[in-house]
Amino acid sequence: RARLQKSVTYPNPFGKDLAKINSAIGTLALDGFAFTGTAAAILRAPFLDLDTVDIYLPSSYQKVDLLNFPDRQTKNPPLRFMDPYDLGVFMYARRYEGIPAVSDVQAYLDLVARGGRDQKQAEYLFENVIEPMWKAA
């Protein structure tokens, strides 16, 4: 939770479609980023509600690049840019239809850490994506 205190949250003028959000953020010339939490899980468990779009930035210095971020109030899920504990959160990151996301295991860990409703999303991701993948191996 300490990591969330260092996060920066912006209103989301890009809508609820993760592909559109990804395209818009991609134009900000960041050195890289990856979606996590519900935003990553929704790529594998599409029925989930996207309430906050969590995005890891590999460097806290990239937050400076966000200073010119559009600041229009909307009803869309907010964008929360976070510093990772370490760059290990990007290990096994993938692109799903061009959308960069942390690994399923990392998304699970981030959902569990948030608790509340996200705990149920974590359970679904574990039972329907991670566990079958382990059984197949």
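Visitor: Which residues touch the most other members of the largest nonpolar core?

Guide: In this predicted model, the largest nonpolar core has 34 residues, and those that touch the most other members are Leu18, Ile25, Phe35, Val53, Ile55 and Phe81.

Visitor: And which elements give two or more residues to this core?

Guide: They are the helices α2 (18-26), α3 (37-41), α4 and α5, together with the strands β2 (34-36), β3 (53-56), β4 (79-82) and β6 (99-101); the largest share, four residues, comes from α5.

Visitor: What is valine 53 in contact with, leaving aside its neighbours within four places in sequence?

Guide: Valine 53 is in contact with Leu18, Ile21, Phe35 and Ala39, and also with Pro77, Pro78, Leu79 and Arg80.

Visitor: Switching to α4 and α5, at what angle do they pack?

Guide: Helix α4 (residues 104-114) and helix α5 (residues 117-136) pack at about 155°, with their axes 8 Å apart; angles over 145 degrees count as roughly antiparallel, and the two helices are therefore roughly antiparallel to each other. Their crossing is left-handed.

Visitor: Which residues meet there?

Guide: Among them, Tyr108, Leu111 and Val112 are on the α4 side, and Leu125, Phe126, Val129 and Trp134 are on the α5 side. By class, the contact of α4 with α5 has eleven nonpolar, two polar and three charged residues.

Notes:
Residues numbered from 1 in each chain as written. Predicted model: local features only at pLDDT ≥ 70, side-chain atom pairs only at ≥ 80, totals over all residues. Heavy atoms only, no water. Axes fitted to C-alpha atoms, helices over the stretch in contact; angles between N-to-C directions. Parallel < 35°, antiparallel > 145°, perpendicular 65-115°, else oblique. Left-handed = near helix turned anticlockwise from the far one by under 90°. Contact = heavy atoms within 4.5 Å. Nonpolar A, V, L, I, M, F, W, Y, C, P; charged D, E, K, R; others polar. Core = buried A, V, L, I, M, F, W, Y, C linked by side-chain atoms within 4.5 Å. Buried < 20%, exposed > 50% of the residue type's maximum accessible area, 1.4 Å probe, protein only.
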